[in-house]
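Welcome! Let us walk through a protein structure together, starting with the overall picture and ending with a few single residues.

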Amino acid sequence: MGNQQSWNQEYKRSQLVTQSHKPQKDFLRFIKWIKNNKHIDLYSGVTVLDLGCGVGRNSYYMADHYDASVYGWDFSEDAVEKAQKFHGHELISYQVRNIGEPFPLEDNSIDMILDVTSSNALNEKQRDLYIRECARVLKPGGYMYVRTLAKEGDKNAQKMVMEFPGGEYNTYKHPQLGVIERIFSGPDFKKLYNQHLEVVRMERKTGYQTFGKQAYKRNYWNVYIKSKNA
Ligand SMILES: C[S@@+](CC[C@H](N)C(=O)[O-])C[C@H]1O[C@@H](n2cnc3c(N)ncnc32)[C@H](O)[C@@H]1O
């Protein structure tokens, strides 16, 4: 079963993925940082691209709080259906789309890109394209937030890489979810993204990934990135 089918199945039975209406907490910290440092005037009618939007909780927050125009993309039809049902908004365009394929967007057209724990499921070829596409569509002065799986200090992740190898560097096939995911060391992440964008802040935080009734301790990178043309 491929990643797309596994995610669709997950949205049907929802053992891991959130169906929450609340925006992700670390993403809110990024928004606070943007505001405090006046990096972007969020009240100026910004355009946001939410990659792997899931049920749309973060897309909705941006449209509802800041009147942002949002593209919410997810390759799971079930996720997009739920997003439209529970977090529909006139300023949001939810679409079933693979973020590892070319983005049908103009150059320099997006003020903010969100990737809240989504792109870690891309393969290397798709990831290379996704980073190039993010750099292409992000406006000069635009910012990107990535929350992704960390390698350092995460014994569960390191064990899964050993026991359930995903075929590419630092990947595993999640034993319950069935999705192949990449984990990143800090230097690996920076090297990759800095080719086309500029990583300006990177923080590692511990969180819990719940699957069914069990909670697994996981480490996540919260990465703040800006356009190289800023
Ligand atoms: C952990 S969930 C996070 C959802 C959302 N960002 C949130 O914070 O609630 C990861 C999401 O990424 C989506 N996803 C994974 N790989 C994708 C791809 N190649 N293209 C589009 N969506 C993808 C999954 O379907 C899933 O909805």
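This is a predicted model: local features need pLDDT of at least 70, side-chain atom pairs count only at pLDDT 80 or more; totals for chains, interfaces and linings use all residues.

Helices (H or I, at least four residues) and strands (E, at least two) are DSSP runs, numbered from the N terminus. Residues are numbered from 1 along each chain as its sequence is written, and side-chain values use heavy atoms, with hydrogens and water left out.

**The whole chain**

The protein chain contains 7 helices and 9 strands. Its C-alpha atoms fill a box of roughly 50 × 40 × 30 Å along the principal axes. The radius of gyration, taken over C-alpha atoms, can be checked against a globule rule of 2.2 Å times the number of residues to the power 0.38. For 230 residues, a compact globule would have a value near 17 Å, and the protein chain agrees because it has 17 Å.

How many of the residues are buried, as a percentage? Buried residues make up 51% of the 230, where buried means under 20% relative accessible area, exposed means over 50%, and partly exposed lies in between (1.4 Å probe, protein chains only). A contact means heavy atoms within 4.5 Å. Among contacts between residues at least 6 apart in sequence, 68% join residues at least 24 apart.

**Helix H3**

The buried ones are Arg57, Asn58, Ser59, Tyr61, Met62, Ala63 and Tyr66. What do they pack against? Their partners are H2, S1, strand S2 (69-74), strand S3 (92-96) and strand S4 (110-116).

**Positive phi angles**

Most residues other than glycine have a negative phi.

| Residue | Phi |
|---|---|
| Lysine 38 | near 50° |
| Aspartate 67 | near 50° |
| Asparagine 170 | about 55° |

Aspartate 67 follows H3. Lysine 38 sits in the loop between H2 and strand S1 (47-51). Is lysine 38 buried or exposed? Lysine 38 counts as exposed because its relative accessible area is 72%. Asparagine 170, with a relative accessible area of 8%, is buried.

**Two buried residues up close**

Glutamine 24 belongs to the loop between helix H1 (3-13) and helix H2 (25-36). Glutamine 24 counts as buried because its relative accessibility is 9%. Not counting residues up to four places away in sequence, glutamine 24 touches Arg57, Asn58, Val116, Tyr145 and Arg147. Its side chain also reaches the backbone nitrogen of phenylalanine 27 at 3.0 Å.

Threonine 148 lies in strand S5 (residues 138-149). Why does threonine 148 count as buried? Threonine 148 is buried because its relative accessible area is 1%. The side chain of threonine 148 makes a polar contact with the side chain of asparagine 120 at 3.4 Å. A polar contact is a pair of N or O atoms within 3.5 Å; within protein, one must be able to donate a hydrogen and the other to accept it, and residues adjacent in sequence count only if both atoms are side-chain atoms. Leaving aside neighbours within four places in sequence, threonine 148 is in contact with Asn120, Phe184, Phe189, Asn219, Tyr220 and Trp221.
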